Amino acid sequence: MRAQFVFQEIGVGLRRNLTMTFAVIVSVGLSLALFGGSLLMSDQVNQMKGYWYDKVNVSIFLCNKSDAESDPNCAKGAVTTEQKQQIKTDLDKMSVVDEVLYESQDEAYKHYKEQFGDSPLASSLTPDQMQESYRIKLKDPEKYQVIATAFNGRAGVQSVQDQKGILDNLFKLLGYLNWAARGVMLVMLVVALLLIVNTVRVSAFSRRRETGIMRLVGASGFYIQAPFIMEAAVAGLVGGTIACSFLVLGQYFVIDNGMALSEKLPLINFVGWDAVLTKLPLILAASFLMPALAAFFALRKYLKV
C-alpha cells in the first residue's frame, strides 16, 4: 500500500468535511481534557488525604466551671487534677496513641485570640471560660473510635472530637465534584464518538464511487479503510493535543504562575508536574486509538460496496 496515496486521501477527507472535522477535534479535546482533569483530581484528593490524615488530631475537651452549669456531660462538675492525670495515664497506655499534647485554658484562650481576635465574641471571653484539652495524634487516624469509646461519658470529659470527620466531609465533596466531571466527560465522549462515526460515514458516502472502483480492481478492505481510519485518528490526535495543552496551561497558569494557587494556598499540597506529565501519553494514546477504532467499526458495512 502506497503511503503517498493514504496521506493524499486523508487530506482530501479532512478538507471535504472541514466543519465536522472541527467539531470532532473540539469534542475530543474537551472530553479528554475533562478525563485528564478527573485523573489529576483523583491524584490531588489522594495526596491531600495522605498529607492531612497524617496531621489530624483527636481532641478530648475537659469540663470547666461554665460547662458544669450548662452541659449535661459535665453534670458531675469541672474536671479535677486527679481526673486529668488519670486520662493522661490511660492515653499513654493505649497502643493506638502516638503523641499526647496538653492545652491549658490560658493556651486555648491565646490560640482563640490569635484566630478569632476580630470577632465580637472574643472581647467578652475570659481564659476561665475556655476548655482544657488533650490533643492526641494517632498512629492510625482510622482508630478514632477507640479513643471515643474509651473517653466519651467519662467524668471530667465534655466531648471527644475527631478532626478527621471534618476532612472526610471535604474529601466527599471533592469526590462528588470529581464524579460530576467524569459524568460530563462521558457525555462529551459519547458526543465525540457519534461525531466521528457520522463524519466517517459522510466521508465514505461522498467517495462511494472511488471505493466501489477500488473493490472491483481487487483492493483489500484494509486498503480501502485506511484513509478513513487515519482521518479520524488524525482529527482525534489534534483534539488530544489540545487536551494536553489545556492540562499543561492549567498547571502552569493556575497552580504555579498566574493565579499561583500553590503560593496563595500553602496549606494545600497541590500535585506537581510529574502527575501532569504522566497523564499526557495516556491522553494522546486515547485520542488516537478511540477515533481509529470508532471509524473501523463504522466502516465495516462499506466494504461491501
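**Reading the model**

Student: Which classes of residue make up the lining of the largest pocket?
Tutor: Classes first: Ala, Val, Leu, Ile, Met, Phe, Trp, Tyr, Cys and Pro are nonpolar, Asp, Glu, Lys and Arg are charged, and the others, Gly among them, are polar. Here the lining of the largest pocket holds 15 nonpolar and six polar residues, with no charged ones. This is a predicted model, in which local features need pLDDT of at least 70 and side-chain atom pairs pLDDT 80 or more, while totals for chains, interfaces and linings use all residues. Residues are numbered from 1 along each chain as its sequence is written, and side-chain values use heavy atoms, without hydrogens or water.

Student: How much space lies in the largest pocket?
Tutor: On a 1 Å grid over the protein atoms alone, a pocket is an open set of points where a 1.4 Å probe fits, with protein on both sides within 12 Å along at least five of seven lines; lining residues have an atom within 4 Å of a point. Points join across faces, edges and corners, and the volume is the space filled by probe spheres set on them. In this model the largest pocket has about 450 Å³ of space. It is lined by 21 residues, and the closest to its centre are Gly37, Leu40, Met41, Gln44 and Ile255.

Student: Which elements give two or more residues to that lining?
Tutor: Helices are DSSP runs of H or I with at least four residues, numbered from the N terminus. Those that contribute two or more are α2 (18-53), α7 (163-206) and α9 (221-256). The largest share, eight residues, belongs to α2.

Student: Where is Ala275 found, and is it buried or exposed?
Tutor: Buried means under 20% relative accessible area, exposed over 50%, and partly exposed in between (1.4 Å probe, protein chains only). Ala275 sits in helix α11 (residues 273-298) and is buried because its relative accessibility is 12%. Ile147, in helix α6 (residues 144-151), is buried with a relative accessible area of 0%.

Student: How many aromatic pairs does a search of the whole structure find?
Tutor: Rings of Phe, Tyr and Trp (its six-membered ring) pair if their centres lie within 6.5 Å; planes under 30 degrees apart are stacked, over 60 edge-to-face, and the rest tilted. The search finds three pairs. One of them joins Tyr252 and Phe253 edge-to-face, 4.9 Å between centres and 85° between planes. Tyr252 is partly exposed at 39%, as is Phe253 at 45%. Phe296 and Phe297 also pair edge-to-face, at 5.3 Å and 75°; Phe296 is partly exposed at 32%, whereas Phe297 is exposed at 53%.

Student: Which residue lies over the face of Trp179?
Tutor: A charge sits over a ring if NZ of Lys or CZ of Arg is within 6 Å of the ring centre and within 35 degrees of the ring normal. Over Trp179 the residue is Arg182, 4.7 Å from the ring centre.

Student: Where is confidence lowest, and where highest?
Tutor: pLDDT is the predictor's confidence in each residue, from 0 to 100. The protein chain has a mean of 79, with 78% of residues at 70 or more. Helix α1 (residues 3-16) is lowest, with a mean of 57, and helix α4 (residues 81-93) is highest, at 90. Where pLDDT is low, predicted coordinates should not be read in detail.
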